[in-house]
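User: I would like to go through the contacts in this model and ask what each label rests on. Please set the values against the cut-offs.

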There are 4 protein chains.
Amino acid sequence: MATRIGFIGLGNIGRPMAGNIVKQFPGTLVFDLDTARVERLAGLGATPARSIADVARGSDVILLSLPTSNEVDVVALGRDGLIDTAAAGTLIIDLTSGSPPRSKVIAERLAERGISYIDAGVSGGVAGAEAATLGIMIGASDEDMARARPYLDAIGKTIVHMGPVGAGHTTKALNNLLLALNTVAVSEVMALAVKSGLDAGKVITAINGSSGRSYVTDVRFPRYVMKGDYSHAGGMALALLLKDVAIACETARAHDASFFMGNLVHQLIMRIGGEIGLSAPNHSIAKAIEDWAGVEIRAKDAE
Amino acid sequence: MATRIGFIGLGNIGRPMAGNIVKQFPGTLVFDLDTARVERLAGLGATPARSIADVARGSDVILLSLPTSNEVDVVALGRDGLIDTAAAGTLIIDLTSGSPPRSKVIAERLAERGISYIDAGVSGGVAGAEAATLGIMIGASDEDMARARPYLDAIGKTIVHMGPVGAGHTTKALNNLLLALNTVAVSEVMALAVKSGLDAGKVITAINGSSGRSYVTDVRFPRYVMKGDYSHAGGMALALLLKDVAIACETARAHDASFFMGNLVHQLIMRIGGEIGLSAPNHSIAKAIEDWAGVEIRAKDAE
Amino acid sequence: MATRIGFIGLGNIGRPMAGNIVKQFPGTLVFDLDTARVERLAGLGATPARSIADVARGSDVILLSLPTSNEVDVVALGRDGLIDTAAAGTLIIDLTSGSPPRSKVIAERLAERGISYIDAGVSGGVAGAEAATLGIMIGASDEDMARARPYLDAIGKTIVHMGPVGAGHTTKALNNLLLALNTVAVSEVMALAVKSGLDAGKVITAINGSSGRSYVTDVRFPRYVMKGDYSHAGGMALALLLKDVAIACETARAHDASFFMGNLVHQLIMRIGGEIGLSAPNHSIAKAIEDWAGVEIRAKDAE
Amino acid sequence: MATRIGFIGLGNIGRPMAGNIVKQFPGTLVFDLDTARVERLAGLGATPARSIADVARGSDVILLSLPTSNEVDVVALGRDGLIDTAAAGTLIIDLTSGSPPRSKVIAERLAERGISYIDAGVSGGVAGAEAATLGIMIGASDEDMARARPYLDAIGKTIVHMGPVGAGHTTKALNNLLLALNTVAVSEVMALAVKSGLDAGKVITAINGSSGRSYVTDVRFPRYVMKGDYSHAGGMALALLLKDVAIACETARAHDASFFMGNLVHQLIMRIGGEIGLSAPNHSIAKAIEDWAGVEIRAKDAE
């Protein structure tokens, strides 16, 4: 009998991931509190569900894409949640950007009912979700990893089994710390370049052909910042990035590990969040630093 | 009549650059204080010169690859230097990682004798020099840039004309600041990853498929750090990286620009240099941070 | 009937505090695992006790001076601890440099048995303890504060009732963060002063007559650092200072408060602890920074 | 024959210093571009002068109190400045908060005409100037120091001869760095204290009785911040503090000295200056940090 799939959470990044799942697994049960979102997926071949319980009762494997561990707590462990409504043997793949210690607690609680839970940190933003090129970092037992593989293959490209439950979200937090750090640092460097009379377009081109390059110089700046595009298309809200930076710093403290750079980034993003609001897209860190410097980071001869 | 080429400075990175020049321009005059180095280039088709004056009198275009602006001062402006021995109309291409304000002074002094000077910051290390894939950032007039182009094409891949004299070395410093910053930050992140029980190999793979990736995660860590290779093959000495970080910080101060991240990196690299010595290759920053953490950043299943 | 007093913990700072209590309240019951210490206090007029229970049964008010909250846990809540052996109505004054959340838990557990607990952060080191000039920050109900007052007056000078249980240890952590911060900053400033050719003795005199002055410039440097005295006489171990710095940083995170300076100090003290060992006296932070700078911070004409 | 005294620059801090000079040396020649200020001093017994030259011709010793080294350049070296109008043998005491290297240049230029120059950094603000309790750090030859002594005694309390010319302004910069650092750090600590529910008044009292105390906790916070007084009465403009912080950082770089704390403070004050303006009084750093935290640092029971 074929495996039955469910997907809960059809937000900015959940929607395109669910779309890719539905493409390969037509009939996937989908649910979101916003019924308009459910209808849109149904138009792509999904089966609409009316509740979490509805998904639970009709699925062997359930993917979750929720804002934070708080919502995962409610969906997984809350009243009429998966813990009460999913059958033993169900596999839950949590694509939420969650807190590692809380992911472990959720896994333990579900395991008492014979439900498997794995944490899968995803990276690549809405664009990566749409193109099915996400980086995915998974915390799971070997057996659960093998079961989850086909669904992860349907939405991502670089899929790495990091270790036991929690390892996916930890790795995601470390990755996002480096993203945050480069976003702040490249913003400071590029604002300085403009202030000192250089052409931002040429500087980015030069760096991208040199050893200073990163995802931020290669993708984020050319695609968004240097077009002055601070809309929400680009990526997660600053609040979510800040959450991952905080998780990374907390992990460092728990291990007494030197974390000079991470702690400074944490402070700077808290401050920038205080200025521009935590609901701004994370790359608008560059906007704040442009304002500090009194310049705009744009190529002189914009195409 | 064909343009006659000269090359002064055959050190770690000068030697392979000169090799690529000689390949395309056989007979190039080469000079270094170390005559063994000159002989080696002669074996590849270069013409050995016995002095700076020797190069100057036989060349229309002269490339310099020296440790710092101090040596450029001596070669260009010192007794029997280029200023006294090169003909008006000569073009000097300075591939040294120099100080922008000093490059400007040198250019002005040479211009008084009708000699053109352009500053060209190179990035990519010995490996990039050997493969002729260097990133090169040039400060020059449009006319000088056009004259220099064939020789830069022979040694590099991403060649960007940044602006007037000084702009090449400024951009190089900003690029190297980002390199330094990622070296420190990735070292802290990877040491933490290992301390928290993750496999460094998997973490690097995951980051390289995600938004935290950079030249440092993509090239430096897999190629050197994660093999425990802290030999000198990898790149410039810590002293040279520190010099560029200092130039970037000084540029930020001169423009009253926010530079939180750069200044912290400056302090950390000064400290690390105090511990491991400034002649260590720059990626041994990771070695110092491994020692701080008491771990080694290696893949569990090294190939 | 006169109140009967007990004192548990006769270490570096506990011993002189107990001495001052005994001076005003002869016959105070004293206990320490090290019986030699107990004997010494007996010589000053204390009554030696053979166990915690012994103290508990003979006292209405018990003062504790232990290394960390771990030892307080054992003494207060462990087997044959105060929770089992002290009578309802007993008041416990905890002079340990404890963790605020753990102090609250201990207070709650003891309250279930009708035992009162107050947390009292002390500052001033061994010298302050001997001179009975300690600063004491208390977390307590108004009633318990009134009961504790005579015993606090016997050992300290600036006695401030900060708020409910936990407030004493929180304030202590904030105070110690400022101590740590000035120790690091004054060390960097004074090492620089010496490197730039100034006389450390004159610089300290000048600063102490100016707006840069602090307890560190006024007491710590003249009394210890500038005499090259890095023995243990001066104050608590680096580990205890680091613990309080960590508590302060954690409090900042819990309140989403900007804490740039505190977090940098935390990282630096972790690093310095890694170099010189956490059991070194806290002012040997200056020793580490002297080593970094390659100078000694001494007056040129030491008296 | 009695020494004739002159005083140039009657601003916020110059006025009360001149006042104290006039009290002991009636008839002192005073000058300022603002004639109203000159009149006010005349009312206290000073002799009004109409120009710099007027002061120069009638004085053996001239005190300067100007905003920055720029103004000292003009007054000392500019057209009709002291260099042209003062007699050989004149002693100039520069109380300006100047740049050490520029002080040295000014001293050299004046020495060519036989005019002596000493740099005297003052600390203590308007209040200290009024009470004649300033801290004064002097760079001078022993002979000049002896000549200057009576006039420095008339305006200050802690008077320290630091070394040769330049040493006064260097020490002043180091002192002001510590002032800046404590202002930022105490603001962060106190904002956190308030956020965590403590009474700011009690916290300041506790710290002032403990090891975290400094001039900032002892004077600045009780006198200004905790009364919400961010008027200009309290001290120099943020721009002047920032200038001294920059001088301290530059001195550290020149000596390759570790300066983690100073560099972070520099960045933070630059940022805060960008927010509240550099003409704000320096203790309004606390105002910016109050705004970041969304709290006011006030005693609960303000008198």
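This is a predicted model: local features need pLDDT of at least 70, side-chain atom pairs count only at pLDDT 80 or more; totals for chains, interfaces and linings use all residues.

User: Why is the pair Phe260(A) and Phe260(D) called stacked?

Analyst: Two values decide that. Ring centres must lie within 6.5 Å to pair, and planes under 30 degrees apart count as stacked. The rings of Phe260(A) and Phe260(D) have centres 5.8 Å apart and planes at 25°, so the pair is stacked. Over all chains, the rule gives 10 aromatic pairs.

User: How do you know that this pair joins two chains?

Analyst: Phe260(A) sits in helix α13 (residues 260–276) of chain A, and Phe260(D) sits in helix α13 (residues 260–276) of chain D, so the pair joins two chains.

User: What makes Glu275(B) and Arg271(C) a salt bridge?

Analyst: The cut-off is a side-chain nitrogen of Lys or Arg within 4 Å of a carboxyl oxygen of Asp or Glu. For Glu275(B) and Arg271(C), the closest N and O atoms are 3.6 Å apart, so the pair meets the rule. The interface of chain B and chain C has 2 salt bridges.

User: Which element gives the most to the side of chain B that touches chain C, and how do its residues divide by type?

Analyst: α13(B) gives the most to that side, with 4 residues. The residues of the side of chain B that touches chain C divide into 3 nonpolar, no polar and 2 charged.

User: What area do chain B and chain C bury between them, and which residues of chain B lose the most to chain C?

Analyst: Chain B and chain C bury about 430 Å², with 61% of it on carbon and sulfur atoms. In chain B, Phe260(B), Arg271(B) and Trp292(B) lose the most area, together 76% of what that side buries. The contact takes 5 residues of chain B and 5 residues of chain C.

User: How many residues meet in the contact of chain B with chain A, and what area is buried there?

Analyst: Chain B gives 57 residues to the contact and chain A gives 57 residues. The area buried between chain B and chain A is about 5,000 Å², and carbon and sulfur atoms give 71% of that. Leu192(B), Ser211(B) and Met261(B) supply 14% of the area that chain B buries against chain A, more than any other three residues.

User: What polar pairs and salt bridges are counted between chain B and chain A?

Analyst: The salt bridge count is 0. The rule finds 19 residue pairs in polar contact, with both residues at pLDDT 80 or more. Elements that each supply at least two residues to the side of chain B that touches chain A include β7 (134–139), α9 (167–195) and α13 (260–276) of chain B. The largest share, 19 residues, comes from α9(B). By type, the residues of that side divide into 31 nonpolar, 20 polar and 6 charged.

User: Where do the two domains of chain A run, and how far apart are their centres?

Analyst: Domain 1 covers 5–164 and domain 2 covers 171–302 of chain A. Their C-alpha centres lie 29 Å apart. In the contact, 14 residues of domain 1 of chain A meet 10 residues of domain 2 of chain A. The area buried between these domains is about 950 Å², of which carbon and sulfur atoms give 57%.

User: What makes Glu130(A) and Arg15(A) a salt bridge, and why is the pair said to link distant parts of the chain?

Analyst: The N to O distance for Glu130(A) and Arg15(A) is 3.5 Å, and the cut-off is within 4 Å, so the pair counts as a salt bridge. Glu130(A) lies in helix α7 of chain A and Arg15(A) in helix α1 (residues 14–24) of chain A; the two are 115 residues apart. Over all chains, the structure holds 48 salt bridges.

Terms used. Residues are numbered from 1 along each chain as its sequence is written. Chains are lettered from A and ligands numbered from 1 in the order in which they are written. Side-chain values use heavy atoms; hydrogens and water are left out. Domain bounds come from an automatic or database domain assignment. Contact means heavy atoms within 4.5 Å. Buried area is the accessible area (1.4 Å probe) that two parts lose on being put together, summed over both. A polar contact is a pair of N or O atoms within 3.5 Å; within protein, one must be able to donate a hydrogen and the other to accept it, and residues adjacent in sequence count only if both atoms are side-chain atoms. Ala, Val, Leu, Ile, Met, Phe, Trp, Tyr, Cys and Pro count as nonpolar, Asp, Glu, Lys and Arg as charged, and the others, Gly among them, as polar. Rings of Phe, Tyr and Trp (its six-membered ring) pair if their centres lie within 6.5 Å; planes under 30 degrees apart count as stacked, over 60 as edge-to-face and the rest as tilted.
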